[in-house]
Amino acid sequence: MIGLCDCNSFYATCEKLFRPDLKNKPVVVLSNNDGCIVALSKEAKALGIKRGAPYYSQKDVLEKNNVTTFSSNYTLYQDISDRVMEVLKSLVGTIMPYSIDEAFFMMPKNIDPAELRRKIVQYTGIEVSIGIARTKTLAKVANHIGKKEKSGAYVLTEEDEERMLKKVPVQDIWGIGYKRAVLLNQYGINNAYQLIQKNDIWIKKQLTIMGYATVSELRGIPMVNIDNPPLKSTCSGITFSHVRSNYEELEEAIACHCTNVANKLIENNMNCQMLSINLFTNRFLQDYIAPCAVIKLDEPTNYIPLLIKAGKSILKKIYTDANYKGCRVWATELSPSSSRQLDLFMSDIEIDKMTKQDKLSKIVNDITKIYGRKSLNVAAANKKVKNDLMSRKMLSPCYTTKWKDLPIVFV
Amino acid sequence: MDNKKTDSPTIIMDTPIACGFPSPAADSRENSLDFNELLLKHKSSTYCLKASGRSLENAGIFDGDILIVDKSLSPKQNDLVVAEYQGGFTAKRFKIQGDHIYLHPENDEFDDIIISERDSLSIFGVITGVVRTYRK
């Protein structure tokens, strides 16, 4: 059987770990740059506050209800995540981390799921829930049920699958996106059980081969392999601290996020061949626009200057004068940087240039490994953007990674 | 083909060739003492907290000490523990007597904290060590 261990309201739980005064109190965590709410404790959820809402639109509600608000402290979350993963690994053996707050594992026969959960919670101080089932997709379903159980754990047995899948709306299935769910609803398919009754040809036609894998998993046949999840895309973006309409300012922001994306690619030894840029204005205003465009690069690359150049060329195309609230940069069509196929018609000079770019990318990677990601920066990505990145006014201490930030215990 | 290169074997020495005799102890080298090994029995469930106050002075814990706290251990009689108390963390000696838990200070100027309902007390972890430096 496959297990899924998932942390409950992970960022909010991390913020509460060294704050006993916040026990049973509402807590929210804001995105980069304090843009919008990205995580809520269960007490904050109970107040009806929604994930994704812009911070400024919720400021009054948060204040009125005495909700403690934090800027996101990724240093803390990553350290706590590493600990949860280590503890899980020490208890079950092999694990397959899937994201910062969840990991799949092979459930050993002699372990009681509720006891496993109790230990993880005690050892780390982080609330988790455990779901056990025949496949990863079913383990996701089981985990969802487990979150509502008192024990925090749930084993979905084969006999129970039919009964439980009837209660799972299609939009809640792992791997079925919003658009696909709407499509399925149009065909009268509302829950997971109805979906697995459809024949394979229909499923492949409507949901592609990926959707077919999902459905097979719901039927109990393991199909989703995440043993070494390769990076499929990477993204960097921000909600600006102030509305921007100036072209140069936007260019700087794009350059900064292209650099971030390139660094992530370099860290993972990946190149990308597609780059997309998206600008957006305030979603809640009537003249909301979100121009977006994609560019296909001549060769897969993770070379910072090339990505910035590509990013700027897209910006030129999509820019119209408006009050932009933020931007996003995506890199897709990733491939391992070692397996790049050279264009047959490339000249020697071009190949030589590429080898040099590879070397530079590697050096950048080595330096950032030692001195941190912010140590090197391309000149185009500079000051104003940095101000944006630093707008984290309600940042908690790095309790577990900095000696000067240790939590205090009264003696 | 460059015959010269393939014919002459490369000799690799792992002891530097200095003027003297190679060190007879070079093979016996071990890694030097590792404080993590000494202080962190369960690395991923151990947190460091900074002590503030004087209630455990007779137990050898002073203001400003760094406490090493292992969350994977369940408190036993007479363990030094960190507990959540009145919205903060407090460190005391853990004593069970019947249904009551006593958070016992090690300094006569302080009183016991008595917890009458065992379940209402949340223990953060067990103190397994103290780190103190003298010359900053």
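**Group meeting: where chain A meets chain B**

Okay, so let's start with the strands: strand 13 of chain A, residues 408-410, runs parallel to strand 1 of chain B, with 3 bridges between them. Strands here are DSSP runs of E, at least two residues, numbered from the N terminus, and two of them pair if DSSP finds at least two bridges between them. In that pairing, Phe410(A) sits opposite Ser52(B).

Quick housekeeping: this is a predicted model, with local features needing pLDDT of at least 70 and side-chain atom pairs pLDDT 80 or more, while totals for chains, interfaces and linings use all residues. Residues are numbered from 1 along each chain as written, chains are lettered from A and ligands numbered from 1 in written order, and side-chain values use heavy atoms, leaving out hydrogens and water.

Now the contact (heavy atoms within 4.5 Å): chain B puts in 31 residues and chain A 21. How much area is buried between the two chains? About 2,200 Å², with 62% from carbon and sulfur atoms; that's accessible area, 1.4 Å probe, lost on putting the two parts together and summed over both. On the chain B side, Ser44(B), Tyr47(B) and Phe89(B) supply 30% of what that chain buries against chain A, more than any other three residues.

And charges? We get 1 salt bridge between the chains, meaning a Lys or Arg side-chain nitrogen within 4 Å of an Asp or Glu carboxyl oxygen. The partners are Lys23(A) and Glu84(B), at 3.3 Å, N to O. Back to strand 1 of chain B, residues 46-52: this strand gives the largest share of the chain B side, 7 residues.

Key: Helices (H or I, at least four residues) and strands (E, at least two) are DSSP runs, numbered from the N terminus.
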